[in-house]
Amino acid sequence: MCRVYRRLVQGPLRWRPVEGATSYLVSVYNLVVDNYTMEPNYLLRQEETTDTCMTVTGCDPSLTYYYIVQSKGAGVSAESGYAMPAVPQLTAPLPLEPTNITSNSFTANWEEVPYSQGYTPFLYKEHTALADEKLSIIDTDFADAVCPPSYQPWGDMTITDPFESFSPYYFDEFAGMADWYISVTAFADGALGIDNMYPDFFDMGYMISPKLDFSLGDGTVTIDVDWLSIHASSTTDVFAIVAFATVGEDNSINIEGTPQTFLVPKGTLKHETITLTGGQPDSYLIIFTEDNGIIMLDNLKVEMSMNKDQKVMLPLQSLFTEETHMDFSNLDNFPGERYAYNVSSAYLGDGAFVYQSGYSDLQFIDLLPSSVTSEKFDGVKAYVSEGKLHVVNPNNEPVNLYDVKGALLLSVPAGESEGVYDLPGAGLYIVKVGNHAIKMVR
């Protein structure tokens, strides 16, 4: 008996050869196989072959097809193989010119793909360093983190008594960047956790970043985190391992360089500052534990070094639509940054299995010049959005707001790290953050 690869109807079905098999009996159905009796209905085709592939044509694209391969030969089991869904041929959509371009929005467009039942556009931001800098790739306190209702959580949902979902989770909405992922997630109100309490029964618990070029600048990444551990037993210590990694085609995770190990205190939050060196292109940042326990994260900030004129592509959003277009709005429009998107096609079938094509080539977009002057220095950033002044102030420096005549309108002696302030009305303003003076237009 052999388990077939998932492959395409309207193209070849393929399967692995079985040692000792002299032929294979291939059965194709257009109805789900019964999980208990393995008795499928509506046989479309049954054929014996000595090859390890077969082409099936004439399928109805509105139906989901399944196929089973039975190996035959002396000493080879003739039991039924696994029922595998087969889907129509899918190709990556051809991206079209973006439309409705403004200073903070645009519409992504692409051509329709035959048999596709939906599309997944992916938005990126290309950041160019205007000077040597530390680029923030995530800065979150998980304040809005809650357990998704679909998990039906129980317990107090506190950082020291979280809900163990035993499931993976993308926490993009708390990261400000797509593809931040926890393999086995613990949820609390205002915190997320890496659950490795039962590694013998579930996947190893780890958190991993999107793939980025960590070799930029001097290859250094700085991680600031507040964390605590929950132990499987009173005698268990939980150590967090922080490292760069690569991911193989089989989704295997391979640690790069020299990982760093930290004792995570039990039940009490501790702030840790970690510096990783030797970053490589197309790598991931990973935090995991080999001990039985949970590591809960209350704050997480990651910065990577960049030299002037270096570029990095940051994944921002991954969405789904049945249309051949997608609107992206409320985008930042800072000097040295531009946006891009690509898109894949998807076949949903009966919902049990979702198939996705590869992604198209990137389509770049240059937003229109903004009527709002926006500048940033050493991590300090100021801009106007929806009539309010937004100030990113990592060092909590004093914030002073002046009108065009120099009259002081607002003074905040110790500014917030991310402050939002009212503006009196339309006009030209000067914002002073510490020693940085920035002109703003509302």
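Reply: The side chains of Arg338 and Glu126 form a salt bridge, with N and O 2.7 Å apart; the term means a side-chain nitrogen of Lys or Arg within 4 Å of a carboxyl oxygen of Asp or Glu. Arg338 belongs to strand β25 (residues 337-347) and Glu126 to strand β9 (residues 118-128), so this pair ties together parts 212 residues apart in sequence. Strands are DSSP runs of E with at least two residues, numbered from the N terminus. Glu126 is buried at 11% relative accessibility, while Arg338, at 29%, is partly exposed. Buried means under 20% relative accessible area, exposed over 50% and partly exposed in between, with a 1.4 Å probe and protein chains only.

This is a predicted model, in which local features need pLDDT of at least 70 and side-chain atom pairs count only at pLDDT 80 or more, whereas totals for chains, interfaces and linings use all residues. Residues are numbered from 1 along each chain as its sequence is written, and side-chain values use heavy atoms, leaving out hydrogens and water.

By the salt-bridge rule the count is six. Another pair is Lys388 with Asp422, whose closest N and O atoms are 2.3 Å apart. Lys388 lies in strand β30 (residues 388-392) and Asp422 in strand β33, so parts 34 residues apart in sequence are tied together. Lys388 is partly exposed at 34%, and Asp422 is exposed at 55%. Strand β33 (residues 418-422) also holds Glu418, which is exposed at 53% relative accessibility.

Key
Helix = DSSP H or I, 4+ residues; strand = E, 2+ residues; numbered from the N terminus.
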